[in-house]
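Subject: Structure handover

Hello,

Here is the structure for your own work. My notes on it follow below.

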Amino acid sequence: MRSAGPAKTRQNVLLLVALLFAQLLLMTGSLRRSSGATHLESWTMTLTSPLVSVAALFGGGIDSVMDDVAALVRASGRSARLERENRILRTELRRARESMAENERLRHLMLMREALAPSAIGAGVVVSRHTSTERMLVLDRGSKDGVRIDQAVVAWGGAIGRVIEVGTSHAKVRLLTDPNSGIAGIVQRSRAQGMVQGIGTDTLKYVFVSRLEDVIHGDRTVASGAVGIFPRGFGIGRVSSIQEKPNGSREIELVPEIDYRKVEEVLILLEPEGGEWLLPPGLMEPEP
Amino acid sequence: MKALNFLLAIGAAVFLQASLGNLSDTLARYVDLTLLPVVWYGISGTQRSAMLVGCTVGLVHDAWFRVGVFGITGFKRTLLGWALGGLGRRFDLNHFVGRFAIGFAVALADGILDIGLRRLMDLTLGSGWSEMFVRAGTTGLLAVVGFGLIDRFRRTDRGRLG
C-alpha cells in the first residue's frame, strides 16, 4: 500500500482529465482525419518503427527455429549421418521452395504491376492483426511512395482491403474481413449484385441480395466497381453456404479467395484502373 | 533511471507483441502483452506512472495494432492506469492472487471499455466476448508468471550486489 496526500491526489485527477481530454481530441481528429492526429500517429510509428521491424524479423526467426526443432524431433530415430545429410537437404529444399514461392509471388506481382504500370506499387506486410474486432495489415509503404487513403490493396487472386491510414513510410489497411469493411460485389455467373461485409471472422457475408437472384453454392463473387475504390472484376470470394431465413431473407457466406493470414506482399493500386487485367487466367470465367 | 525503466517496459511489451503477431496469429489474438506494463505500474508504481504508461503504451498500440481511431487504446489505458493506481494505493495487490485477479480484471475492463467506446463512435463490433474472456485469462496468467520472473531477477540482482 502506498499513501498519497490530497494535493497529489488532486494533481493526479487533473493529469487524468488532461490526458483523457487530449485523447478525446485525438479520437475526434482521427475520425475526421485531421492532420494533427494523423501526424502524431505517423510520428509514433516512425519513432517505434525500428523496434517493430526488428520484432517482425525476430518473430519470423523464432517461427523458423520452431520449424527446425519440430523437424529434428521427427527425425530423431534416424542415424546421425542420415540425419545430418537429411537436415542439410531439407534446409536447402526449404530455402529453395521458399525462394520459388517468393519468386512466383513476385513474378505475379510484377506481371500485375506491368499490366497496371504506372498505377500500382508493391508493398511488404510489417504487422498483421486478425481479431474479432479488427482485421488489419501495416504495410511498409507510405505517403512518400504516393500512398493515399482509400486506395485499394490487392494480391494475386483478389482484393485484400483498402488503405485507411497513411503515415510517411507506413500505411494501414483494413481487410475485407474486418467488421467495419464493406465492398460492392457481384456474382460473376449470374450478375447478382449485393454488398460483401466483413464479420470479424475468416469468412465474409454477402448481404442485400434479392431473393429472386440466382446464387448457388460455389459461385464466385467479384468487386462490382460500384463504390469506386476497387476496380470491377477483382476476386472477393466463393459462396460457401446459403441459408434461407424464416423472414424470407437469405444469409450467404463467402470464403475469401485469399488467405489474408498468409499474405506477405501486396499491391497498392494508386489509381483504380485496369482491374480486369489482374484476374489470374485460371479464374477467368465467361460471362453469360 | 525511472524514465529508462518506463521506456524499457513499454518497448519490451511492444516488441514482444509485434514478435508474437509474426509468430502466430492465434496467439496474438488471445494475448495482449501491452496491457502488462499498465498492470505492473498500477500495482507496484504510483498512480501517475500507471496513467502515463497507460497513455504511452496505448498510443503506440493504436499506431501499430489498431486501425480506424487513433487514441482509443490510449484513452482506455490511461483510465485503467488511474483506477488501478488508486486501487494499488489502498490495497496490497502485488502478490500471486492479486496479480492474477488484477490482470484478469484489467483485460476484461479493457475489452468492455472498447465495446463502449466503439458503440459511442458507431463502429461495428465483432463477436468478441469469448475472445475477451480468454484474453483476460491469459493476461492474468502472464501477470503472475511475468511479474514473478521480474521478482526473481530483482532478488538475484540484489543478492549479487551484496
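Which residues of H1(B) are buried? They are Phe6(B), Ile10(B), Gly11(B), Ala13(B), Val14(B), Phe15(B), Gln17(B), Ala18(B), Ser19(B), Leu20(B) and Gly21(B), where buried means under 20% relative accessible area, exposed over 50% and partly exposed in between (1.4 Å probe, protein chains only).

Before the rest, the conventions. This is a predicted model, in which local features need pLDDT of at least 70 and side-chain atom pairs count only at pLDDT 80 or more, while totals for chains, interfaces and linings use all residues. Residues are numbered from 1 along each chain as its sequence is written, chains are lettered from A and ligands numbered from 1 in the order in which they are written, and side-chain values use heavy atoms, with hydrogens and water left out.

Helix H1 of chain B covers residues 2-23, which is 22 residues. Helices (H or I, at least four residues) and strands (E, at least two) are DSSP runs, numbered from the N terminus. From first C-alpha to last, H1(B) reaches 31 Å, close to the 32 Å expected at 1.5 Å a residue; the expected span is 1.5 Å times one less than the number of residues.

In chain A, six strands close into a barrel in the order S6-S7-S8-S11-S10-S9, with antiparallel pairing (two strands pair if DSSP finds at least two bridges between them). Strands S6 (residues 182-187) and S7 (residues 193-198) of chain A pair over five bridges. Gly182(A) has Gln197(A) in S7(A) as its bridge partner.

Over all chains, the search finds 24 salt bridges, each a side-chain nitrogen of Lys or Arg within 4 Å of a carboxyl oxygen of Asp or Glu. Three of them are in chain A:

- Arg135(A) and Asp202(A) have their closest N and O atoms 2.7 Å apart. They link distant parts of the chain, strand S2 and the loop between S7 and S8, 67 residues apart. Arg135(A) is buried at 1% relative accessible area, whereas Asp202(A) is partly exposed at 43%.
- Asp150(A) and Arg162(A) come to 2.1 Å between closest N and O atoms. Asp150(A) is partly exposed at 30%, and Arg162(A) is partly exposed at 24%.
- Arg189(A) and Asp214(A) meet at 2.8 Å, N to O. Arg189(A) lies in the loop between S6 and S7 and Asp214(A) in the loop between S8 and S9, so the pair ties together parts 25 residues apart in sequence.

Salt bridges that share partners also join Glu134(A), Asp32(B), Arg66(B), Lys76(B), Arg77(B), Asp110(B), Asp114(B) and Arg118(B) into one network.

Regards
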